[in-house]
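Subject: Structure handover

Hello,

Please find the structure we discussed below.

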Amino acid sequence: MSSRGQYQPVPLSVLLKRESSNEKIEKPEIVHGLASQSKKGEDFTLLKTECQRTMGNGVTTFSVFGLFDGHNGSAAAIYTKENLLNNVLNAIPTDLNTDEWVAALPRALVSGFVKTDKHFHKIGKKSGTTVTFVIIEGWFITVASVGDSQCIFDSANGGIYYLSADHRLDCNEEERERITASGGDIGRLNAGCGTEIGPLRCWPGGLCLSRSIGDRDVGEFIVPVPYIKQIKMSKAGGRMIISSDGVWDALSAEAALDCCRGMPPEAAAAQIVKEALQANGLRDDTTCIVIDILPQEKPAAPSPPPKKPVKHLLMSLFRKKPSESFSYKDKEYMEPDVVEELFEEGSALLSERLNTKYPVCNMFKLFMCAVCQIEMKPGEGISVHAGTSSLVKVCPWDGPFLCSSCQEKKEAMEGKRPSDRHCIDSD
């Protein structure tokens, strides 16, 4: 899912170098609102604006917003709401500065999603959930998603950015091909006499999504590996909308934004839900989170002192012209203040997702499972590249590494062994 902006991606290291020139980075003000209409009681949300983490000798804060749209019961949605954030944070070392922490988020989110799914399966319940998970650190937004609850960002400078993927089988050909290649079957419900009805579904199980957390009664090729997108906002901020499919089945992104312009977040969320219900009725749980990301108000700058008249003509003759007073360094900060896209990845393969392009390998302990973070003895870990058909020569000692149970899960998700979901005894 790409944005409608036409700006080229900017390397994260370049952006963070600019930010680090000021020791104290001004953070935006975050205001949010929530509205929901329940039909099944399976939608859950996470709204945290003052999450703390240590950084050097101090403490900094970040914000987290999550939407969990459960199906076949609420157990997976509740479990994910209660455990996903901790699983993500546990995948990031505690001694990172802001730029390292932001760069480490994509890999940590993949680990956190897979770990949450793996541990939920051990509970033995069959429900599943979509997840749209947003982390805001300063002017950086990182979104991880599985399922069909969408997230959009409307920049105050203009332009709508789509920050999540739609993993419904009906509209994602790439995911259909991945599932059939892994041994899954895709088709619609058979109503008899050759008549097929409803959306495309994955069999066994009949799920119409290709990615989720939970769903232990479906093949392992329904994976919890999230699509992730990371952007840097302009200093003008903007408005973000996170909604379950009950909203997006009724409203386009433009319609959702237009119906609530000028409203505060709480009223905006209620208006979006109202518009969706008027269009389609209450067919499913319908939830909307609206987040306004605003620049901090600055005190008015003091008036400059009056200029003194030039006493001598020679002083004016030898004064520098304005154009000569700008250095090359000054010009760097005159670049347009626009939304910049930093990272986007949607592969379902752990060997590609855990081997992130960002140079963060040295941040992670070598002999620790990259997914569940359990410590391993030298030689116990299995390279995440084991068994891959990578064009680059990879040795068995090339990390990151997985424990044996996470390696088994990886192989099952890639269709390299039969699924063991059906072998778990129900409570």
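Before the helix pair, one convention is needed: an axis here is a line fitted to C-alpha atoms, for helices over the stretch in contact, and the angle between two axes runs from 0 to 180 degrees between N-to-C directions. Please keep in mind throughout that this is a predicted model.

Overall make-up

The chain contains 11 helices and 16 strands. Of its 427 residues, 48% are buried. Taking contacts between residues at least 6 apart in sequence, 72% join residues at least 24 apart.

Helices α2 and α3

Two packed helices are described by the angle between their axes and the distance between the axes. Helix α2 covers residues 75–89 and helix α3 covers residues 98–123; their axes come within 8 Å and cross at roughly 140°. Angles over 145 degrees would count as roughly antiparallel and those from 65 to 115 as roughly perpendicular, so α2 and α3 are oblique to each other. The crossing of α2 past α3 is right-handed.

On the α2 side, the residues that meet α3 are Ala 75, Ala 76, Tyr 79, Thr 80, Asn 83, Leu 84, Asn 87, Val 88 and Leu 89. Their counterparts in α3 include Trp 101, Ala 108, Leu 109, Phe 113, Lys 115, His 119 and Ile 123. Sorted by class, this contact between α2 and α3 has 12 nonpolar, 6 polar and 1 charged residues.

Ile 78 is also in helix α2. Is Ile 78 buried, partly exposed or exposed? Its relative accessibility is 31%, and Ile 78 therefore counts as partly exposed. Between the C-alpha atoms of Ile 78 and Phe 68 there are 8.0 Å, with the two residues 10 apart in sequence.

Backbone points to check by eye

Most residues other than glycine have a negative phi, and most peptide bonds are trans.

- Trp 203 and Pro 204 are joined by a cis peptide bond, with omega at about 10°. Pro 204 sits in the loop that runs between β9 (195–203) and β10 (213–214).
- Asp 215 is not a glycine, yet its phi is positive, near 55°. Asp 215 belongs to the loop between β10 and β11 (227–232). With a relative accessible area of 3%, under the 20% limit, Asp 215 is buried.
- Gln 373, likewise not a glycine, has a positive phi of about 65°. Gln 373 is found in the loop between α10 (350–353) and β15 (382–383). Its relative accessibility is 14%, so Gln 373 counts as buried.

Ser 347

Ser 347 is in the loop between β14 (340–345) and α10. Is Ser 347 buried or exposed? Its relative accessibility is 14%, so Ser 347 counts as buried.

Which residue has a side chain that makes a polar contact with the side chain of Ser 347? The partner is Glu 352, at 2.7 Å. A polar atom of the Ser 347 side chain also lies 3.1 Å from the backbone nitrogen of Leu 349. Setting aside neighbours within four places in sequence, Ser 347 is in contact with Arg 211, Val 225, Glu 352 and Arg 353.

Regards

Methods:
Residues are numbered from 1 along each chain as its sequence is written. This is a predicted model: local features need pLDDT of at least 70, side-chain atom pairs count only at pLDDT 80 or more; totals for chains, interfaces and linings use all residues. Side-chain values use heavy atoms; hydrogens and water are left out. Helices (H or I, at least four residues) and strands (E, at least two) are DSSP runs, numbered from the N terminus. Buried means under 20% relative accessible area, exposed over 50%, partly exposed in between (1.4 Å probe, protein chains only). Angles under 35 degrees count as roughly parallel, over 145 as roughly antiparallel, 65 to 115 as roughly perpendicular and the rest as oblique. A crossing is left-handed if the near helix is turned anticlockwise from the far one by less than a right angle, and right-handed if clockwise. Contact means heavy atoms within 4.5 Å. Ala, Val, Leu, Ile, Met, Phe, Trp, Tyr, Cys and Pro count as nonpolar, Asp, Glu, Lys and Arg as charged, and the others, Gly among them, as polar. A polar contact is a pair of N or O atoms within 3.5 Å; within protein, one must be able to donate a hydrogen and the other to accept it, and residues adjacent in sequence count only if both atoms are side-chain atoms.
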